[in-house]
Amino acid sequence: MTRTVLNCRIWRDVVVFDGLQTLDGLQAVIVEGETIAEVLPMAKVEDSRYSDYQSMGSGGVITPGLVDCHTHLVFGGHRADEFEARLEGVSYEEIARCGGGILSTVNATRKASEEALIESALPRLDAMIADGVCTVEIKSGYGLSVEHEMKMLRVARRLGELRPVRIVTTLLGAHALPPEFSNNSGGYIDLVCRQMIPEAAREGLADAVDVFCEKIAFSVAQCERVFAAAQAHGLPIKTHSEQLSNLGGTASAARYGALSADHIEYLDAAGIEAMRQAGTVAVILPGAFHTLRETQQPPIEALRQAGVPMAVATDANPGTSPLYQPTLMLNLACTLFRMTPNEALAGMTAHGARALGLTNTGRLAAGLSADLCRWNIETPAELAYAVQSGRLSQRLFRGELTHEH
């Protein structure tokens with residue numbers, strides 16, 4: 001069993017309203033095999049008990065490995081033409097109603113083989129790993145049929161075998177209405193509930209089920225049918241909601257015990273209270289807000305005052321957030337939404353893990369998975385302050401050194 005010691009300034013969570021702080025002086029993270037054994041002041045590591053441990057490095061700042069809890073990383077094609085259209089004044093809703101948006105990616109994804117989807121996704125995943133990510137959630141939602149949704153989930157699982165990263169998969173069958181159900185949303189929800197969810201559960205391909213609750217997607221009542229079907233098969237739920245309007249999807253999902261509600265720019269007080277009571281995580285997605293040039297900001301201060309944990313994620317996708325640098329999201333969360341650097345970093349570590357229902361990663365604590373990043377910086381705030389590659393000095397995934405710079 002490999003035994004290692006990393007010593008440097010350490011970023012760790014403190015139980016004060018989910019706040020965070022940097023400890024003064026050198027701290028040590030003791031790793032035994034795949035697990036963090038201890039976190040303690042470096043001065044206590046000088047005794048003989050640790051004489052046979054290998055030193056993995058010193059200096060800089062250690063954080064947990066980053067957790068990107070909301071991505072659409074597997075897809076076919078691209079949507080650069082829509083990027084141009086939006087710059088010319090066409091809205092996201094107009095693009096979607098004209099057959100663009102999600103459906104254009106559906107067409108490309110259905111045509112692509114599993115091998116082609118893996119080949120196109122790997123560079124995007126590699127960029128995230130190089131930026132300190134150890135855990136990535138990947139949603140389906142660009143197949144919109146049982147065959148192609150399962151194809152996407154198999155690809156996502158395969159990516160976790162090809163790279164040193166933890167992949168969490170989410171079935172997002174209720175993402176949009178496919179062309180063959182263009183006038184039959186109820187029939188498509190029947191398909192999702194009666195065939196798609198059972199098949200994903202039977203094959204063990206999904207770790208959770210997500211929905212897009214919005215006026216251009218599915219109603220609250222339709223989403224609740226999906227929630228019930230997911231729970232009947234033992235799968236936790238998540239929701240895209242309150243992104244473009246306030247339909248009450250977040251409060252509904254919270255009543256079903258949702259792990260997270262994502263986007264939530266139009267979230268109201270009732271939705272916040274429902275999240276607080278349920279322990280649902282608010283996933284903040286500044287990349288989509290930035291790309292779409294939105295003006296309605298998520299209610300950060302109200303979430304903060306209510307004590308609702310806030311995760312931060314890339315929402316990496318071909319249309320509304322073609323951004324694959326997680327530390328950029330830290331900067332955008334601070335500059336666009338006035339989150340503090342510590343809140344943003346907590347959002348991409350501890351709270352990101354919580355949004356995925358993970359308890360074994362996202363924090364620096366004894367007994368957790370040794371998913372660690374050592375950064376060539378002096379303070380944790382620098383990760384949000386500058387948009388800069390090359391700051392990752394070392395990355396450990398499950399105790400194995402996978403990156404050294």
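What volume does the largest cavity have?

Analyst: In this predicted model, the largest cavity has a volume of about 110 Å³. The structure holds one cavity of 30 Å³ or more. Thirteen residues line the largest cavity, and those nearest its centre are His72, Tyr92, His175, Asn317 and Thr320. Sorted by class, this lining comprises seven polar, four nonpolar and two charged residues.

The volume of the largest pocket is about 320 Å³. Its lining consists of 18 residues, with Ala96, Arg97, Leu103, Leu177 and Ile216 closest to the centre of the pocket. By class, 11 of the lining residues are nonpolar, five are polar and two are charged. Helix 2 (92-97) and helix 3 (102-111) each contribute at least two residues to the lining of this pocket, and helix 2, with three residues, provides the largest share.

The axes of helix 6 (residues 185-203) and helix 7 (residues 220-232) approach within 9 Å and cross at roughly 10°; because angles under 35 degrees count as roughly parallel, helix 6 is roughly parallel to helix 7. On the helix 6 side, the contact is made by Ser185, Gly186, Ile189, Asp190, Val192, Cys193 and Ile197, and on the helix 7 side by Gln222, Arg225, Val226, Ala229 and Ala230. This contact of helix 6 with helix 7 has seven nonpolar, three polar and two charged residues.

Key:
Residues numbered from 1 in each chain as written. Predicted model: local features only at pLDDT ≥ 70, side-chain atom pairs only at ≥ 80, totals over all residues. Heavy atoms only, no water. 1 Å grid on protein atoms, 1.4 Å probe; cavity = no way out; pocket = protein on both sides within 12 Å on 5 of 7 lines; lining within 4 Å. Points joined across faces, edges and corners; volume = space filled by probe spheres on them. Helix = DSSP H or I, 4+ residues; strand = E, 2+ residues; numbered from the N terminus. Nonpolar A, V, L, I, M, F, W, Y, C, P; charged D, E, K, R; others polar. Axes fitted to C-alpha atoms, helices over the stretch in contact; angles between N-to-C directions. Parallel < 35°, antiparallel > 145°, perpendicular 65-115°, else oblique. Contact = heavy atoms within 4.5 Å.
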